[in-house]
Amino acid sequence: MKMTEEQVATFCLSLPGAREDYKWGGVRVFSIAGNKMFAVQHLRGDSLAFKVDKELFLGHVDRPGIHPAPYLARAQWIIMNTPYPLNAEELRGLLQRSHQLVVSKLPKRTQVGLKLE
């Protein structure tokens, strides 16, 4: 089963400390700790980008429908168009991992309450 754009947004906002902003003339940005992005979604609902593990980046972009994210690929971000080429379970897992990768870069005192076990 595939996730819709709204299901992705609802899931992102369910993660600890997550908030959303609208930037750059039509991009929905999901972030934590003020301004640390972990996912971005175009308002037209045509794409979704997020961070992945450095060692898994090349494996992800080798998959059909998944590409390096413009301007963010050097930070191991991938992008995909709708309908998303991943099933709901895998996409939720990757979005949660993106959230946790960003949390792990925050100062230790800021990480409290944002880490998932």
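Two groups are in contact here when they have heavy atoms within 4.5 Å of each other. Keep that in mind as we walk through this predicted model, where local features need pLDDT of at least 70, side-chain atom pairs count only at pLDDT 80 or more, and totals for chains, interfaces and linings use all residues. Residues are numbered from 1 along each chain as its sequence is written, and side-chain values use heavy atoms, with hydrogens and water left out.

Select residues 5-14, helix H1, and then residues 88-103, helix H3. Helices (H or I, at least four residues) and strands (E, at least two) are DSSP runs, numbered from the N terminus.

Which residues of H1 meet H3? Show side chains for Val 8, Phe 11 and Cys 12 in H1, and you will find them meeting Leu 91, Arg 92, Leu 95 and Gln 96 in H3.

Now turn the view to see both axes, which are lines fitted to C-alpha atoms, for helices over the stretch in contact, with angles that run from 0 to 180 degrees between N-to-C directions. The axes of H1 and H3 come within 10 Å and cross at roughly 40°. The two helices are therefore oblique to each other; angles under 35 degrees count as roughly parallel, over 145 as roughly antiparallel, 65 to 115 as roughly perpendicular and the rest as oblique.

**Stop two: the two sides of H1**

Stay on H1 and colour its buried residues: Val 8, Ala 9, Phe 11 and Cys 12. Buried means under 20% relative accessible area, exposed over 50%, and partly exposed in between (1.4 Å probe, protein chains only). On the face turned away, look for the exposed residues Thr 10 and Ser 14.

**Stop three: the whole sheet**

Next, bring up the strands. They form an open sheet of six with the order S1-S2-S3-S4-S6-S5 and antiparallel pairing. Strands S1 (19-23) and S5 (66-68) stand at the edges, each with a single partner strand, so one side of each is left without a neighbour in the sheet. Looking along the sheet, the twist averages 25° from one strand to the next. Two strands pair if DSSP finds at least two bridges between them.

**Stop four: strand S2 and its neighbours**

Select residues 27-32, strand S2, which pairs with S1 in the antiparallel sense over five bridges. Asp 21 stands opposite Val 29, and Tyr 22 opposite Arg 28. In the hairpin of S1 and S2, with three residues between the strands, click on Trp 24 to find a positive phi near 55°.

On to S3: six bridges join S2 to S3, again antiparallel. Val 27 has His 42 as its bridge partner, while Phe 30 stands opposite Ala 39. The hairpin of S2 and S3 has three residues between the strands, and there Ala 33 takes a positive phi near 50°.

Is S2 buried or exposed? Six of the six residues of S2 are buried, so the strand is largely enclosed by the rest of the structure. Val 27, Val 29 and Ser 31 are buried on one side, and Arg 28, Phe 30 and Ile 32 on the other.

**Last stop: S3 and S4**

Finish with S3 and S4, an antiparallel pair with three bridges, where Val 40 stands opposite Ala 49.
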